[in-house]
Amino acid sequence: MAILVTGGAGYIGSHTCVELLNEGHEIIVVDNFSNSKLESLKRVSEITGKLFKIYNVDLLNQKGLEEVFSENKIEAVIHFAGLKAVGESVSIPLWYYHNNLTGTFILCELMKKYGVKNLVFSSSATVYGSTNQVPISEDAPIGAVNPYGRTKQMIEEILRDLYISDQTWSIALLRYFNPIGAHESGLIGEDPNGIPNNLMPYISQVAVGKLQSLNVFGSDYSTKDGTGVRDYIHVVDLAKGHLKALGKVQFSKGVDAYNLGTGKGYSVLEMVKAFEIASGKKVSYTITNRRPGDAAICFADASKAKIELGWVAAKGIHEMCEDTWRWQKNNPNGYEEEQDNLIEHNFPVLTSAADFLVSN
């Protein structure tokens, strides 16, 4: 029996694949590679020494996705696949709603058809919107303020309704705070398309010389240095949280939301300073105006995950920065050059629903 990982070639997905394989799970990855690279999965195989099936299938392709279910014995799904850029979601909201919601509808219909009712869903702390409550617990008011966050909120509500209709389902809704860092090997990490939307990849690209300067949005918040405070969590800790949630859904029924964060907040300038120490590089930044809707302080109450999942974030800010820098320094252009090399050496880049085994 295997774990299906949708969007498994992405940043969080690839790190979760490593943890799943290291724990002895069989995995099957489905990805359309629109926001990810095949090279990341080759490196997952390199890190773990394990082989696994990969399907190049969009979740909107119901026929192609059904081939995955019909050809494999799947016991649970970890669902990462979806569009994820907040700014882009504001520009093209209909595409975000169509892609993220319809893809999930198709996935759940097929799960139901094939009797697979264990699901870990990649949600987001964006479902809380601009709440002033800190730390944020799972019972805080929900109210996403952008289309991306609303797709996560809507899917959570849909999955709750699904459970009400059929209580043989078991679903974990994982609300991430701010994932950063990379695998300690430096082989896999965050590889955003174009200019990064998130703080840490922006800082690291300034440090490596790809970008000139970091824009710091606001310096007059009621925080220790005037810049916004957020809860940053190491991506490997986050990946391990998925394994804990997977264990729960495999042996219980119901639907529950869990915050995955450290419960600590760091300001933008604290992150800049920590990264400068880790990298030995100066990070140039410019103070600019606040962004509308940004909260001064946002960090998690992750006690529910500790109590019910047995999960606690273990890695601190210095490990987060050191691992980010190792990845960025070793891969200044992300997976881009390596992807070209794969094509030159005939590494199989999928164009249909046919599966293959990754090999070294």
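## A residue in helix α6

Is T151 buried or exposed? T151 counts as buried because its relative accessibility is 0%; buried means under 20% relative accessible area, exposed over 50%, and partly exposed in between, with a 1.4 Å probe and protein chains only. T151 lies in helix α6, residues 147-165. Leaving aside residues up to four places away in sequence, T151 touches Y96, Y97, N100 and L101, where contact means heavy atoms within 4.5 Å.

## Basis of the model

This is a predicted model, in which local features need pLDDT of at least 70 and side-chain atom pairs count only at pLDDT 80 or more, while totals for chains, interfaces and linings use all residues. Residues are numbered from 1 along each chain as its sequence is written, and side-chain values use heavy atoms, without hydrogens and water.

## Overall form

The chain has twelve helices and 15 strands; these are DSSP runs, helices being H or I of at least four residues and strands E of at least two, numbered from the N terminus. Buried residues make up 54% of the 360 residues. Among contacts between residues at least 6 apart in sequence, 80% join residues at least 24 apart.

## Nonpolar cores

A nonpolar core is a set of buried Ala, Val, Leu, Ile, Met, Phe, Trp, Tyr and Cys residues joined through side-chain atoms within 4.5 Å. The largest has 42 residues, and L20, L41, V44, F52, L174 and L260 have the most contacts inside it. Helix α8, residues 235-250, gives the most to this core, with seven residues. Another core, of 30 residues, lies apart from it and includes A2, V57, L107 and L110.
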